[in-house]
Amino acid sequence: MKAKVFSDEGKSVGEFDLPESVFNAEVNEHLLHQVITSYLANQRQGTSKTKGRDEVSGGGKKPWKQKGTGRARAGSNTSPLWVRGGKAFGPEPRDYYSTIPQKMRRLALKSAFSTRAKDDKIIILSKLAYDAPKTQKIVSLLSAMNVNGKKNLLIIDAKENPNVYLSGRNVKCLQVTPVSELTAYDILKNDNIVFGSQELIKKVEEAVA
């Protein structure tokens, strides 16, 4: 399994042999679905709330007498049937959080990387480092690699390349993510996976081992 290597100017400079254990593993679609569903559920705030009939203002006095008015029987103006009445069976605050074992998360990363590698969507940069934030350089790099306009995930080492993160965080078609924060969801929701350096491949291999 090979990946194309580009310079920081977007010129092709060769190929890189990807580790088979990470980029050519068996794709477990059921595991990917389980891990990604759990990840998305954990992003939910769970703060939806409506007022029941015991929480809305009003009530206490019977609107009118039970018989003789020609109208339907009514005991309270907080009934869900009434305008400004309480909501029947409305949402209540809840916690959507669920945990996924670390081994499953690692296997999901392997499946996600393997999916993109088999589609030739892995790109490696020989070295990407800026002395100062330069958004235009990132845009020019994406255009030179013919990936501009597509969804791209740029994986970096945030400690070594803080200026790269600042350069790419506002680019519409680019998501810049530190290698330590990678998720299977990030990999699958983007069309191309771009590694900021060849050293990051080794870090990924150690993380999912």
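Which residues line the largest cavity? The legends below answer this and describe other parts of the model.

The model is predicted, so local features need pLDDT of at least 70, side-chain atom pairs count only at pLDDT 80 or more, and totals for chains, interfaces and linings use all residues. Residues are numbered from 1 along each chain as its sequence is written, and side-chain values use heavy atoms, with hydrogens and water left out.

**View 1. The largest cavity.** Its lining consists of L125, L128, I138, L141, L142, M145, L154, L174 and V194. On a 1 Å grid over the protein atoms alone, a cavity is a set of points where a 1.4 Å probe fits but cannot get out, and lining residues have an atom within 4 Å of a point. Grid points are joined across faces, edges and corners, and a volume is the space filled by probe spheres set on the points. One cavity of 30 Å³ or more is counted, and the largest cavity holds about 50 Å³ of space. Helix α4 (residues 135-144) gives the largest share of this lining, three residues. Helices (H or I, at least four residues) and strands (E, at least two) are DSSP runs, numbered from the N terminus.

**View 2. The open sheet.** Six strands lie in the order β2-β1-β3-β6-β4-β5, with mixed pairing. Two strands pair if DSSP finds at least two bridges between them. At the edges are β2 (12-17) and β5 (174-178), each of which pairs on one side only. From one strand to the next, the twist averages 30 degrees. Helix α7 (residues 199-208) packs on the sheet and touches β2, β3 (122-125), β4 and β6; contact means heavy atoms within 4.5 Å. The direction of α7 makes about 110 degrees with that of β6. Axes are lines fitted to C-alpha atoms, for helices over the stretch in contact, and angles run from 0 to 180 degrees between N-to-C directions.

**View 3. Strand β4 and its partners.** Strand β4 (residues 152-156) pairs with β6 (residues 192-195) in the parallel sense over four bridges, and N152 stands opposite N192. With β5, β4 pairs in the parallel sense over five bridges; here L154 faces V176. In a regular strand the side chains alternate between the two faces of the sheet. N152, L154 and I156 on one side of β4, and L153 and I155 on the other, are all buried. Buried means under 20% relative accessible area, exposed over 50%, and partly exposed in between (1.4 Å probe, protein chains only).

View 4. Helix α3 (residues 102-118) has 17 residues and reaches 24 Å from its first C-alpha to its last, close to the 24 Å expected at 1.5 Å a residue. The expected span is 1.5 Å times one less than the number of residues. Among the buried residues of α3 are L109 and F113. The largest pocket has a volume of about 500 Å³; a pocket is an open set with protein on both sides within 12 Å along at least five of seven lines. Of its 26 lining residues, R105, R106, L109, L182 and T183 are the closest to its centre.

**View 5. Two loop residues with positive phi.** F89, in the loop between α2 and α3, has a positive phi of about 55 degrees although it is not a glycine. F89 counts as exposed because its relative accessibility is 88%. D120, in the loop between α3 and β3, has a positive phi of about 60 degrees and is not a glycine either. D120 counts as exposed because its relative accessibility is 61%.
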